[in-house]
Amino acid sequence: MTEQLEHILSQLTQPDNAIIQQATVQLKQAFKDPAIIPALCAVMTGSQNPQIRQSAAVMLRMRVKKHWKKISPDHRESLKAVVLQAFQNETEHTVRHSLSQLSAVMVKHETPDRWPALLTLLNESTHSTNPQDRQVGLLLLSKVVESNPEPFKPHYRQLLQLFGTVLQDLNNPTALYYCILTITAITAYTGSEEMNIMRSLVPRLITALKHLIKADESQASEAMEVLDELMESEVSIIVPHLAEIVRFCLEIGADASLSDSLRVKALSCITVLIRLKSKAVLKQKLLNPILQTVFPVLSAAPPPGEEDPEDDENGNDDNDDNENPKHLAAQVIDTMALHMPPEKLFQQLGCLASQNPYERKGGLMCLAVLAEGCADHIRTKLLSSMLQTVCQSLSDSNQVVRSAGLFALGQFSEHLQPEVSKYHAELMPLLLGYMSGLNQAKIGHVTKAFYALENFVENLGDDIQPYLPTLMETMLSALSSSESLKIKELAVSAIGAIANAAKEQLVPYFSPVIESLKGFLTDTRDEMRALQTQALDTLSVLARTIGKEVFSPLAAECVQLGLNLTDAVDDPDLRRCTYSLFSAVSTVSPDCLVPHLTAISTVMLMSLKSTEGVTAHLEEDKQFVLLDDDDDEEEEGAGDTILEEDGDNDVIAPDVSGFSVENAYIDEKEDACDALGEIAFNTGVAFQPFLESSFQQVFELRDFPHEDVRRAAFGALGQFCRAQHKVWQANPTEENHQALHKLLGVVLPCFLEAVRAERERQVVMGVLEAMNSVVKTCQGEALQVPGRLAEISHAIRDVLKKKTVCQDGGGGDGDDDDEQQAEFDAMLQEFAGEGIPLLASAVPAETFLPFLNELLPLIMNKAKSTCTVADRSFSVGTLGETLHALCKVQGGVGVAGRLSNRLLPVLVTGVKDQDPEVRNNSVFGLGVLAQAAGPVVVSDYPMMLSLFSNLLAKESDRRVIDNLCAALCRMIMTNMASVPVDQVFPALIAQLPLKEDLEENKTIYQCLAFLYSHNPALIVSQLKPILAASNHVLGTKDLDEETQNTMLLLLRDVAQRHAQEFQGALMSLPAEQRTKMTTAVTQS
């Protein structure tokens, strides 16, 4: 059979299809013969043709992988001997490579200890004095260890000592390469006993990589992954060598003579190090060297005659995947902004006035990527000067700079709210000018202008009104007359952004917009796909913003449209947008979804289960090396068919070294989680039959490789708990109650574990947000398990003390530099702090007091004058919300009274703060302290009233004034006798109506009703200003229904009992307002 087999294998290498097909049939037949394994062994050791020897080794590997258990023990032993002998005799590298992979598959079945001859061969060859033998031994070692690292654990110390020697053999780059691959494979499995040796290898590793770069850049690029592995598995190994690694990576990143892939690897290493060890990077004074190296990379001019990908008008706009050193340089700065104190980053920017357009572009890109991580710093200290720079860039003579300016403006609009919107009078004319004067041929530039406009417009709120006609005219004309599908897509997207700001003001434009969208959604040509996806997105925005009355009639049709599209088109982006549409419809008209819940949940759960778009990285890219000699497609096809019978599971074989996931499929899973959670909550009891299957599927995604999916999964788990709580409240059976506790018993522990151990800060923020929403909805039900209140309080405490894994594992650096931290680190603590008032409102005050006593100092610590504005605002805001919660719970007055001595000085200092937001939160805090602590703080009333009186005399911020009015009302209602109402009340009424904090209208009108029942003459004496203020809010959204009723009852009673005074006050109103007021008061 041997000769016959060799003949078949040689036929497969012929460049003739007919011969290959014939050989394939014969090979399939041969594979059915039990003698196939010895025959393959004979060809593998005896053929004169290296290509055929290699084919035999590959075939044998496929056979062994699936049929090892069927091979008798004697045959296994002889096979092991044959393979090792073949390996030692072989002279061709490609065949050796395949033999080492065959050995690797056998090691998977036979642990190394059951193959002593292999260990002996490895030991002898790797310690040989002959460099060639060492190289071959290291090739074999890397393959067998990579395939199954764990069973080699007992040999790790010995291996690491060997690597210490090999890494110094700098004249043998191939040996270095295989040595580094093996280190990469075992890193994740090393234990504490190997740590010290690993640590000592790092400097040699860096030197070896430098030499490998000179010898073979593509091998070096692969070997660089050892740094990723060390950082991800055991970052403590590299911390002592941090400076050396950063300098090495900077050197490569900056060297334009090296390949892009190598430079990208190096810069991405720096990104990961900043993410994981920002404190150490700062401590070792690496911030400046990083910026000084990265900025020139970001602002380098492209080669003569070329353009950067984002400026290339002919290039495809969506080429985000082609990572290049410039993108990575921007990413490094972005990561620094997210993980380091802003004060330290902004000392570095002096490039914006350069004569070189690419340096100006670099400066703008730099400002753009700093916006997210340093938002507070920019908003409070630098906004007007940075906006001026960006506005100037929009009229730069160079289009590259103008494009960067538009990108920066889009980033500012996204991240620097609400302050940036206040500049609409300066910015909107510029952006609208761009819209009218754009040369539509230059699609890339148009796209950036739309990006800037969209992000800016989206957050304008009511300020959009004067621009709405021009904006909608521009967009509707683009939809009807533009030839370009891309322009239409941009206009549809912009309409969504406009709707977010304009809400009901968009109603006059609703019909033409809907007609256009329907047209796009029913056209199933492939080239329409991007436009369709965008149309679905905008439809979802309209559902949420345009108002229930206007959208409800379309709801059922929208659901049907979405289902038709998911049936007709297999596209992850399109599916994702239909899920968002279903979810949006559930907020307006949940009943329209109910008949379709089976279909909707089925398609969403398929998205969650699907492994589409997830690629396993096989240890060897060319699994069928033998067949692609001529790169002939038919030949490759032949290879696949030969192996169909026993190689069909090959992709799931355990040769997998990792996974990568295509972005569209990540987004699809993320949006499916978000939508399922929202639909479950909004459809309530109708979703019950699907809750368990949805829960199981989402629960499995909490360990998904991509953090956005993990975050969305945790969010959906929280929504499922809230949905179950809603069902139980509507129908309080024992069964529903048990179902709720079963869910809470799984979800809350999984949240707490994630807060403790999850590495990605964004995910932990999402988990804290989800946990807060569960506690807010379920209240005491969420805290019934003994110890649960303590666990959640301790999780909050750990985040506030920076003791969790995502906060640099507690850092161990002490709090020596506590005043300066990255804004996102502060934001994480804010998410945790928001849990404190929620817990306070969920249990009796005495139950929570021991935990509150532990948490309060951590919150008060952030009110110091040396802390950032954001920290001070968060601190006094959390104190205020916690006191507000105590007002409403059993025992709250006693607890607030006991805390008042500690809290009063902090809040009083806050009222005098330079920042309006801190003043506002402090004024609110003092008001609720008076309300919550009751009699205990009465002795402080004179001091508080004097403080408020001084503030009112000079305060210009309307929100602070609104809160001041509400605080005075709370003091009056809690202890009227201690307030000189004859003086205070007229001053308070003079500030009405409220302008910014409209929620406090409730407090104001409760107080008016309270005063009317205790001192009616006082109300009657101020009737004119009271009527004028009430008239402003009558019948508007500024009052909720309950407050409207309180106000009307009060006014009707005054009109009846004090008719003359009421009429007099009424006559002081303008005629139109008088009629409105009379109608409201006379209607019963």
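This is a predicted model: local features need pLDDT of at least 70, side-chain atom pairs count only at pLDDT 80 or more; totals for chains, interfaces and linings use all residues.
1. Let me start with the charged pairs. The structure holds 43 salt bridges, and one of them joins the side chains of R134 and D169, with N and O 2.8 Å apart. R134 belongs to helix α8 (residues 131–147), while D169 sits in the loop between α9 (156–166) and α10 (173–187), so this bridge ties together parts that are 35 residues apart in sequence. Both ends are worth a look for their accessibility: R134 counts as buried at 17% relative accessibility, and D169 counts as buried at 17% as well.

2. Next comes the bridge between E419 and R379, whose closest N and O atoms are 2.9 Å apart. E419 is in the loop between α21 (399–415) and α22 (424–436) and R379 is in helix α20 (residues 375–393), so the pair links parts that are 40 residues apart in sequence. The two partners fall on either side of the 20% limit for a buried residue: E419 is partly exposed, with a relative accessible area of 21%, whereas R379 is buried, at 19%. I would read those two labels together with their percentages.

3. The side chains of R576 and D573 meet in a salt bridge of 3.3 Å, N to O. These residues are three apart in helix α29 (residues 572–588), which means that about one helical turn separates them. R576 counts as buried at 16% relative accessibility, and D573 as partly exposed at 27%. Elsewhere, salt bridges with shared partners join D308, E310, D311, K326 and K361 into one network.

4. Do have a look at helix α44 (residues 892–911). With 20 residues, a straight helix would reach 28 Å at 1.5 Å a residue, but the end C-alpha atoms of α44 are only 24 Å apart. Where does the helix kink? The kink in α44 is centred on S900 and amounts to about 60°.

5. S393 is buried, with a relative accessible area of 5%. A polar atom of its side chain lies 2.5 Å from the backbone oxygen of V390. Leaving aside neighbours within four places in sequence, S393 is in contact with L364, V401, R402 and G405.

6. Now the rings. There are seven aromatic pairs in the structure. One of them, F695 with F699, is stacked, at 5.5 Å centre to centre and 20° between the planes. Both phenylalanines lie in helix α35 (residues 688–700), four residues apart, or about one turn of the helix. F695 counts as buried at 12% relative accessibility. Together with F720, F695 and F699 form one aromatic cluster.

7. How do the rings of F714 and F751 meet? Their centres are 6.1 Å apart and their planes are at 65°, so the pair is edge-to-face. F714 lies in helix α36 (residues 707–730) and F751 in helix α37 (residues 734–757), so the pair ties together parts that are 37 residues apart in sequence. F714 is buried, with a relative accessible area of 3%, and F751 counts as buried at 0%.

Note on methods: Residues are numbered from 1 along each chain as its sequence is written. Side-chain values use heavy atoms; hydrogens and water are left out. A salt bridge is a side-chain nitrogen of Lys or Arg within 4 Å of a carboxyl oxygen of Asp or Glu. Helices (H or I, at least four residues) and strands (E, at least two) are DSSP runs, numbered from the N terminus. Buried means under 20% relative accessible area, exposed over 50%, partly exposed in between (1.4 Å probe, protein chains only). The expected span of a helix is 1.5 Å times one less than its number of residues. The bend at a residue is the angle between axes fitted to the seven residues ending there and the seven starting there. A polar contact is a pair of N or O atoms within 3.5 Å; within protein, one must be able to donate a hydrogen and the other to accept it, and residues adjacent in sequence count only if both atoms are side-chain atoms. Contact means heavy atoms within 4.5 Å. Rings of Phe, Tyr and Trp (its six-membered ring) pair if their centres lie within 6.5 Å; planes under 30 degrees apart count as stacked, over 60 as edge-to-face and the rest as tilted.
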